[in-house]
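Here is a short walk through one protein model. Look over the sequence and the fold before reading on.

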Amino acid sequence: MPRAVLPKLLLPLLGLVAATVADCPSSAWVQFKDSCYIFLEEAIKVESIEDVRNQCTDHGADMISIHNEEENAFILNTLKKQWKGPDDILLGMFYDTDDASFKWFDSSNMTFDKWEDQEDAEDLVDTCGFLHTKTGEWKKGNCEVSSVEGTLCKAAIPYNKKYLSDNHILISTLVIAGTVILTVLGAIIWYLYKRNSNSGFTTVFSTTPQSHYDDDCVLVVAEENECAVGFD
């Protein structure tokens, strides 16, 4: 087998291992600093915001949370140039009536907001936040939407699998373990192949020369020889 063949066989395995430890789950995601983002373009009918959120949690993520102007601008720019999102994107927030404040579904702190100037309703129960993609400002609206034209999701780096079901976690673990085992076995085979190639398989045979002495005589070192030495 040519020496170049085994490295070519190992490349897909090494690539698969690299993919399992990549920052984001796949090329469909976009990375910005310590987070991965994906826009699910599928339009769906929903009965509550939880149906929208499930779109993200099924991908191991949560609905979008925004924590500074730079992140807000990145999302706005990506929505316009790459994702081609609708005019309004549902943010991953809800109004907590217990302390009369908005909170993120992913439990991160509300450290930033970009609300447009609008009068708040007297009752903010079932009020959600929307990102207006033309201005980058946020606006308040009713959470009881009947459909969405896309869902914006976010996951932390390293890719957080806390939302995945036990089956997803088990399958992912088995895939990673199997890939690592195959890669190690491939490396061992390659090492043995190179070692044997370098050392070669030549076997050196040695023969014992036939004795020139008579079988009937024994050479004894003594004062006198008990028999004469004969040569062929």
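This is a predicted model: local features need pLDDT of at least 70, side-chain atom pairs count only at pLDDT 80 or more; totals for chains, interfaces and linings use all residues.

**A strand, a helix and a hairpin**

Strand β11 is largely enclosed by the rest of the structure, because five of its six residues are buried.

Two strands pair with β11. One is β2, which runs antiparallel to β11 and is joined to it over six bridges. Within this pairing, F39 stands opposite L152 of β11. The other is β4, residues 62-63, which is also antiparallel to β11 and is joined to it by two bridges. Here D62 has K154 in β11 as its bridge partner.

Which residue caps the N-terminal end of α3? The cap is N68, with a side-chain oxygen 3.2 Å from the backbone nitrogen of E70. Just after the helix comes K84, which takes a positive phi of about 55°.

Along α3, the buried residues are E71, N72, F74, I75, L76, T78, L79 and W83. What covers these buried residues? The cover includes β11 (151-156) and β2 (35-40), along with β1 (30-32), β5 (88-90), β8 (127-132) and β9 (138-142).

Another helix, α2, spans residues 49-57 and contains T57. Is T57 buried or exposed? T57 counts as buried because its relative accessibility is 16%, and the cut-off for buried is under 20%. A polar atom of the T57 side chain lies 3.3 Å from the backbone oxygen of N54. T57 and A155 are 98 residues apart along the chain, while their C-alpha atoms are separated by 9.6 Å.

The last stop is a hairpin. Strand β6, residues 93-96, pairs with strand β7, residues 101-104, in the antiparallel sense over four bridges. M93 stands opposite W104 in β7. Four residues lie between the two strands of the hairpin, and A100 in the turn has a positive phi of about 55°.

Key:
Residues are numbered from 1 along each chain as its sequence is written. Side-chain values use heavy atoms; hydrogens and water are left out. Buried means under 20% relative accessible area, exposed over 50%, partly exposed in between (1.4 Å probe, protein chains only). Contact means heavy atoms within 4.5 Å. A polar contact is a pair of N or O atoms within 3.5 Å; within protein, one must be able to donate a hydrogen and the other to accept it, and residues adjacent in sequence count only if both atoms are side-chain atoms. Two strands pair if DSSP finds at least two bridges between them.
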